[in-house]
Amino acid sequence: MVQPFEKPIYVIRPFLPPLEEFCEGLKEIWDNHWLTNNGPIVQRFYRQLSNYFETENICLFTNGTLALQIGLQGMGIAGEVITTPFTFVATTHALFWNKIRPVFVDIEPDHYTLNPEKVEAAITPWTTAILAVHVFGYPCNVYALADIARRHNLRLIYDAAHAFGVRIGNKSIAHFGDMSMFSFHATKLYHSLEGGMLTFQDSGLKSTLDYLKNFGFKNEVEVVMPGTNAKMNEMQALMGGMVLGYVDKLIEKRQQITEIYRERLNDIAGIKLTPGLPSDVRYNYAYMSIEVNEKEFGMSRDRLYEELKKYNIYARRYFYPLICDFACYKSVAVKDPLTMARKVSDRILTLPIYCDLALDDMQRICDIIIELGCKEFKRRNSTSVEKA
Ligand code: T4K
């Protein structure tokens, strides 16, 4: 019998650079006595990211939620926006804070991104934009969505919170759509403690976004719009700049972990792994999700989630419930039956993945999952034999 872990294994564990490296960086902040409000380290971080994403059309924020909220405001999005119910709740909150009505449509079965056919069917005279999510870092069908947006004169915005480092062909994913939001939260594969970033195609937006995140100040005496406070600070930028130096290695390590998971869980009845991505996608291995089919596995997703806790493994049900089922969005009329989103949300389970997850530990996580499935399957079968 496989033994439980002595210490909790969480779904993620943030990467931290060597402490000495961070302490060295802190000296710069202590020397500067500059902590926030577009300080020198934020400016340097901006240049590093411009280089990484090959664009100057970047704006940094204190977190991804405020970035998205301000991005929508800066672009003047209003009315109805077509979006996915299978995401973190912040995606929809950003619409709500802009008094925009979310129109939820269904997702694709393989990579859980917006289904373009459903998007097109949901367009009304009030639709102004599509807010799609590269969920788990899996790219949306960017070409189909761009075509729909162009034909219907809609803006195309991506919640790319999970998609740092993802590329399609020879381009960063940041170059698709009118705007993309990246989250640098501690739980993401790439982080700056907390933080967020917008990338956008229209360079004219930059000053508006900069005003909006800094109370609307143009200079000491001019406030040009009612902005808020959503600035990134020096400590965040210091961490972000350091982690950037490690990001390729972090992605490589996660790829290794993912491959072992896939190898071990591939032939387990009732566990569905995500199919491979098109060959021109460079994936970032942001999350390791499986779908659990209760009938075939012998145990429901929720039972497995609870049983794993007994072994000190804290998997997560990203994303369950669907956003439209949260109390605060229940009053939003949903016309699409969301058949696929409901099915996936009831089956999905995100397993631990982070760069310092020991390979032995992940083998043990797989052993536990397999053992739990087999035990339950045998128990159910023997009960039905006894009954017969
Ligand atoms: N759009 C999408 C699609 C998103 O996924 C998110 C955020 C956003 C927008 C908004 O971006 P931000 O405003 O956050 O930049 C977590 C994160 O808090 C959230 O950022 C993330 N998505 C979401 C998918 O996951 P929770 O509620 O699951 O976090 P929490 O605190 O339960 O952490 C998960 C596990 O990580 C814990 O069990 C333990 C571990 N952990 C967590 C933290 C914070 C650590 O080991 N160390 C830590 O410092 O939302």
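Let's start with lysine 206, which counts as partly exposed because its relative accessibility is 22%. Everything here comes from a predicted model. Lysine 206 forms a salt bridge with aspartate 210, with the closest N and O atoms 3.1 Å apart. Both residues sit in helix 7, four residues apart, or about one turn of the helix. Aspartate 210 is partly exposed too, at 26% relative accessibility, and its side chain also meets that of lysine 213 in a salt bridge. Lysine 213, at 13% relative accessibility, counts as buried.

What about the rest of helix 7? Running over residues 205-212, it has Leu205, Leu209, Tyr211 and Leu212 buried. Seen down the helix axis, these buried residues fall within an arc of 160°, so they line one face of helix 7. Their cover includes strand 2 (58-61), helix 3 (64-74), strand 9 (179-183), strand 10 (196-200) and strand 11 (217-219).

Back to the charges: the structure holds 20 salt bridges. Here are three of them.

| Salt bridge | N to O distance |
|---|---|
| Lysine 206 – aspartate 210 | 3.1 Å |
| Aspartate 210 – lysine 213 | 3.7 Å |
| Arginine 301 – aspartate 302 | 2.7 Å |

Now for the strands. Strand 3 (residues 80-83) points Glu80 and Ile82 one way and Val81 and Thr83 the other, and all of them are buried. As a rule, side chains in a regular strand alternate between the two faces of the sheet. Strand 3 pairs in the parallel sense with strand 4 (residues 101-104) over four bridges, and threonine 83 has phenylalanine 104 as its bridge partner there. Strand 3, helix 4 (residues 90-96) and strand 4 together make a right-handed β-α-β unit. Four bridges also join strand 3 to strand 5 (residues 127-133), again running parallel, and here valine 81 stands opposite alanine 129.

Finally, the nonpolar packing. The largest nonpolar core has 78 residues, and Leu49, Phe86, Phe136, Phe184 and Tyr190 have the most contacts inside it. Helix 8 (residues 234-244) supplies the largest share of this core, six residues. Apart from it lies another core, of 33 residues, including Met299, Tyr305, Ile353 and Ile369.

Note on methods. Residues numbered from 1 in each chain as written. Predicted model: local features only at pLDDT ≥ 70, side-chain atom pairs only at ≥ 80, totals over all residues. Heavy atoms only, no water. Buried < 20%, exposed > 50% of the residue type's maximum accessible area, 1.4 Å probe, protein only. Helix = DSSP H or I, 4+ residues; strand = E, 2+ residues; numbered from the N terminus. Pairing = 2+ DSSP bridges. Right-handed = clockwise from strand over helix to strand, strands pointing away. Arc of directions from axis to C-beta. Contact = heavy atoms within 4.5 Å. Core = buried A, V, L, I, M, F, W, Y, C linked by side-chain atoms within 4.5 Å. Salt bridge = Lys/Arg side-chain N within 4 Å of Asp/Glu carboxyl O.
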